[in-house]
Amino acid sequence: MSETSAGTKELQARPTGGDRSAVRTLLRLWPWVRPVRVRLFSAACVAIVASCVGLVIPLVLKWIVDGPVAEGDSGGVWLGALYLLLLGIGEAALFGFRRWLVARPLASVEAAMRADLFGRLQRLPMAFHDRWPSGQLLSRATTDLMLLRMFLAFPLTFLLVNGVTILVGMVILLLQEWTLGLVLLVPAVPVMAVCWLFETRYAAVARTAQDQVGDLTTVVEESVLGIRIIKGFGRHRRQAEVFRDLALRLRGTELAKARLLAAIWGVIVTLPELAIGAALVLGTVQVSEGDLSAGALVAFLSTALALRWPIDSIGFLLAMSQEAATATQRYFEVMDTAPEQETVPERESVGGPPVRAEDRDRPGDRGGTDRSRGGLCFENVVFRYPDAPEDSRPVLDGVDLHIRPGETMALVGGTGSGKTTLTALVPRLHEPTAGRITVDGRDITALPRAELRTLVSVAFEEPTLFSASVGENVLMGARPGAAPPENTTEKAAADTAEEAAGAEEAAGAEDGHDDEEALRRALAVAQAEFVHRLPQGAGTQVGEQGLSLSGGQRQRLALARAVVGRPRYLVLDDPLSALDVHTEALVEAALRRVLAETTALVVAHRPSTVLLADRVALLSEGRITAVGTHQELLRESAEYAWLMSGTTPPAGAEPAGKAAAGSSSAAAPHPHSTQGGGPR
Amino acid sequence: MSTETSTGTASPEPKPEAGETAPGTEERQPGAAPAAPRPPADRPHADHSTAAPPEEAPLPGTRPEEAPAPDTHPETEAETETENDAFDLDALPAPANARGLLLRSLLTPLRGRVAWTAFLLLLQQAAVQAGPLLVAYAIDRAVPALREGEHGPLYAVGAGYLLCALASGVLQYGFIDAAAHVNQNVLLDLRGRIFRHAQELSIDFHERYTSGRLISRATTDVESLRELLDEGLQELVTVVLSFVYISAMLLWLDLGLGSVAVASFVPLYLLVRRYRRRADQVFARRSTAIASVIVKFAETMNGIRPVRAFRREHANDQDFQGLNHRHERSNGDALLEMARYVVGSRLVANTAVAGIVLWGAYRVAEGGLALGVLAASVLYLRRLYDPIDRLGMFLNSYQSAAASLEKLAGLLAQVPSVPETTDPKPLPERRAGRPGREVVFDGVRFAYRTGGEVLPRFALTLPAGRTVAVVGSTGAGKSTLAKLLARFYDPTEGRVLLDGTDLRELSVPELRRGVVMVTQESFLFSGTVAENIALGRPDASREEIEHAAKTIGAHDFITALPDGYDTDVRKRGGRISAGQRQLVAFARALLADPAVLILDEATSSLDIPGERAVQHAMHTVLHGRTAVVIAHRLSTVEIADRVLVMHHGRIIEDGTPAELIAAEGAFGDLHRAWRESLAG
């Protein structure tokens, strides 16, 4: 956590697994096991005692056979049977006790690990999510964690328990008959060697299998999410073939895994059995020579046979441990990725002046730092995706743009020119590679993210709704969720958000009332009155598990979400694309009033959206090549005219620099010329 | 969850024959804007017939009007309670004993392998269980023989044990390998079935079932079956076999002792039954719980941007915590059930051992039983009850798998509502120079299964080679019309004909050569850009792919990607903007080269040059195709030969753009509004 290097730099490709030993990997589970360590260790102790009780039972048998039975003492027989019964009850009770001890803790370890994974994933840099298919993440949260729970339930305990049982058993055997005991010890070395060999080879196969499960999950997920495309092109058979290929590959890996397991199991079954056979032959000789009683031989073999299961099970316990180790590795590939860092530590978050409600009402008129640079300001911003090669051309290559307080700036540019990328920099979903962005004259990297994201509200190009009611979906723009704030930073953010939500309301007014009012207002702006006609109005469930709405309806809700908190800064990415002309006109009218009160950056594809803005900035080749009003740019920038009308630009268009010079821009547009526009 | 829709069902639903046209059901407020569409009662049109004049009677408050955009969500209109509950509770109805049938159908094709596997296990168990018999032989025969100087029996014991040890090892290897083949084949089959079935199920199913649940079915539920097969079945067979073998041995050794042992199976059986009953419920709960965890997880990861921008992390943590906790509880419950079973079965087993030993020892003391027999019996007894824990493991995985199988059976029992014909008819040859096909909606009516009518009965002919634009507000039924034509849905009544052939009689490949739909969604699958385009026609050459991309204006941005057409869209530098994704979707459609192309809001994310490129392509490459364009951008409509204006499921205007603009209808109003938006 001490690392303060620029947010997403520490991202690397998947760490190369396999060089760690399974034990060291598994040791990393300790932080989650720690809270349940007492119960887990007690359970292990109980299990050891239970196993030892199991080992004592043959001794009682021996005592019965050699004593009362041989002597015909019926009373002794009763006593022996009673001992046997008591031991049996004790054993059963201990077994149950062990399971009772670990049942809840094991479930809670799994749940805690899953919750931590979920929490971490939510806080990892965007670049991480861009790179990882969610199927791979999902398989970590489900299959891998189940493997880990099973590891804690069986292998962890039973490797210890069986180890102790085997040791105690061997001691008992050696004490009973050291010659026969030594015979049984002979296979120990080869068995251990085989186990070691097995462990290294199994690890690699297990890892491959788990990754293939992740790939399979990804295909399933994509096929479900892209079902309309697959159906639209009649490609479901082909998709099924792709799936089958992957499933076949997984099957191959699983079979290889099984062969390894079969081999070790074969060895582990054979060698001890051979030793027991040898002991039996030797023992028989000894009995016949009178060196050993029959009862002693029975007891000895009974003990030896009691050790069979512990020994046999080592094979699959090791296999499970190995799989758990790879699961742990996969888990930590996510957990080891550093979450987004507050690049400049808390310096301003606590001490810095929180945004006051009165400031909000007069955007840009903050009697504070650097008035000339108020508003939203990009200063020579360069951005290259953190996973792009160092020498590649940056997506944004020196963006200079100043949006004055209270102003609405439209951002226009060709498809793929980096408009959406630029908008993602404002709420710090990505960090600029170089240059800086300021809001109200403050560097956004100096602001805690939560505070920044309260200041800046975004409507994304793809309007995602969550499984919640319509009201909750919209109001999440006003408050950072119902969760109690965790620390001071969050607290500050929550406070500012509350203020934002209730800017007009008297301080201390009821949240519920504020929310209702804010919701009503936001829905009105987005012309989302259809909400009131939903089965349960704003309480209707939408998203994955609710009503699915049309693209236009979702877009309007996303817009309502962006404006509900009356943010100081509004970033809208093509907010009207899915609306029909009529609704668009209504939304525009309402949005105009909202935009009058905020500083806004609006990505626009069409003249109608551009007209919402006071000025327009043209993004081309990663730079702002022209800033001005719509009319100015239409006249002066050929590229702009082309983008807005789709007509081929006249040959020999003027350089964009001139267009910018003619505007009243406060920003310093790059003296970079656009070669008459045209598609790139 | 289910209540949201019950409102709709409970309130009296007016079902006028001609469909519902309650005013106020539209989103825009008539009169609030200049361009409100008027019902053109006075405007009869060529080739469509609306059965009845629009009904004007308002039905205030009788039911939530227009609530869910009906073209996106079938069941919300009015679904029966039970059906909804099935989806909401994640418990799709499956025929009785479906899980047993499913398991059987999975294993039947593998009968031979299953038999071979069982045979190997049979032999292996025989080899393993021979041990105590050899001990008895050694004590009762080899010892006395040795005392008489005869070594034969001793050699026999040694050789027998050696043979058994080797055989059990080799057979163990063979068995695990064979079992793995069975298991993996079953899993391959099951995975394939789920995947294929999910792909075959119609769009409306997917809209209701949610992707998260489907993913959960294909991953965790398959995983629990894997556990059952991997460990469980082997355990079960081992346990049953050793029970049978050992009981037989005991009965053979001594009838009395054997019958006591066999009698002890009765309480064991009762215990097993009780456990199964209780575990059934616990595991069903657990399976549902993990599914909702997965839904939440997938939803969050897929919507990570808004999650971050709106600071939902804490709220999500809390929600997830709740779902996770529910899973944790049920998980713990399952483990506790197991603990209860283990205690019970151990008690029974240990009591039985004590009882048998007591009785046996008594009889030996009285001389009624040979010592060797008692020794062997005792050894067998220990072994008899050894597998009890393993039986527990089996039951555990069986119950878990049973819960999963139940859900899988429910999924697999879903009948695709748009089934593929078993008796496909070919389309007539396309005439040279006339690549388009004629589309006829012949008396088509569409309503959701439970009665919510979306499209009242209508007839419509789209002549081959013409471009028809469909406009209208959200919920007017445009998308439903398109989905009927693309055969995402089948009409409730009537037929959709493509060059005279009912769509239902076409095979999928034939249908998709005929009709292709490009939607607003621009989902990209993992893989390269080229592969994504080639989805339109998998056998296309690289030249053809590039040609399609060039035609639509996507070539330039694709070649600018790090690896050009071979750039993996999920890997480094493969970021593709929404507009670019839509271009890829178009390239895909161009490549597919259908006779009928449907564009459902497919240009919403394109900028104007992109839109022009699409229009250009439709004039050139797709010239002569029949095209249905659904758009709210009237710029797209301008290129149409004919415009249909839809309102509440009816076609209210029909004519060439020029005619409709000239007329005083809804389209004329829309068009004027649009011109104004351009002018500013």
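Select helix α13 of chain B: 23 of its 26 residues are buried, so this helix is largely enclosed by the rest of the structure. A residue is called buried if 20 or more other C-beta atoms lie within 10 Å of its own, exposed if 12 or fewer do, and partly exposed in between, with C-beta atoms placed from the backbone. Helices (H or I, at least four residues) and strands (E, at least two) are DSSP runs, numbered from the N terminus.

The model is predicted: local features need pLDDT of at least 70 and side-chain atom pairs count only at pLDDT 80 or more, while totals for chains, interfaces and linings use all residues. Residues are numbered from 1 along each chain as its sequence is written, and chains are lettered from A and ligands numbered from 1 in the order in which they are written.

**Chain B: the opening helix and the whole chain**

Remain on α13(B), which covers residues 387-412. At 1.5 Å a residue its 26 residues should span 38 Å, and its end C-alpha atoms are 35 Å apart, which agrees. The expected span is 1.5 Å times one less than the number of residues in the helix.

Now display the whole of chain B, which has 23 helices and 10 strands. Of its 680 residues, 56% count as buried. Among contacts in chain B with a separation of 6 or more, 81% are between residues 24 or more positions apart. Two residues are in contact if their C-beta atoms, placed from the backbone, lie within 7 Å.

**Chain B: one residue in a helix**

Select B:Val348, which is placed in helix α11 (residues 313-365) of chain B. B:Val348 counts as buried because it has 21 C-beta neighbours inside 10 Å. Not counting residues up to four places away in sequence, B:Val348 touches B:Ser264, B:Pro267, B:Leu268 and B:Leu271.

**Chain B: strands**

Proceed to strand β1 (residues 439-447) of chain B, which runs antiparallel to β2(B) and is joined to it by 6 bridges. Two strands pair if DSSP finds at least two bridges between them. Within this pair, B:Val444 stands opposite B:Phe458 in β2(B). Strand β2(B) comprises residues 453-462 and is mostly covered, with 8 of its 10 residues buried.

Then select the open sheet of 6 strands in chain B, whose order is β6-β7-β8-β3-β9-β10 and whose pairing is mixed. Its edge strands are β6 (515-518) and β10 (650-655), each of which pairs on one side only. Neighbouring strands of this sheet are turned by 20 degrees against each other on average, direction ignored. Axes are lines fitted to C-alpha atoms, for helices over the stretch in contact, and angles run from 0 to 180 degrees between N-to-C directions.

Inside this sheet, strand β3 (residues 467-471) and strand β8 (residues 626-630) of chain B pair in the parallel sense over 4 bridges. B:Val470 stands opposite B:Ile630 in β8(B).

**Chain A: the whole chain and its sheet**

Switch to chain A, which has 26 helices and 12 strands. Buried residues make up 61% of its 680 residues.

Select the open sheet of 6 strands in chain A, ordered β6-β9-β10-β3-β11-β12 with mixed pairing. Strands β6 (456-459) and β12 (623-628) of chain A are its edges, each pairing on one side only. Strand β11 (residues 615-620) of chain A and β12(A) pair in the antiparallel sense over 5 bridges. In β12(A), A:Ala626 is the bridge partner of A:Leu618. Helix α25 (residues 638-645) of chain A lies across β3, β11 and β12 of chain A, at about 100 degrees to β11(A).

**Chain A: two helices**

Select helix α11 (residues 236-288) and helix α12 (residues 294-306) of chain A, whose axes come within 10 Å and cross at roughly 170 degrees. That makes α11(A) roughly antiparallel to α12(A), a term for angles over 145 degrees, whereas those under 35 count as roughly parallel, 65 to 115 as roughly perpendicular and the rest as oblique. By class, this contact has 9 nonpolar, 1 polar and no charged residues. Ala, Val, Leu, Ile, Met, Phe, Trp, Tyr, Cys and Pro count as nonpolar, Asp, Glu, Lys and Arg as charged, and the others, Gly among them, as polar.

**Where the chains meet**

Finally, show both chains: their contact takes 170 residues from chain A and 174 residues from chain B. The side of chain A that touches chain B divides into 86 nonpolar, 53 polar and 31 charged residues.
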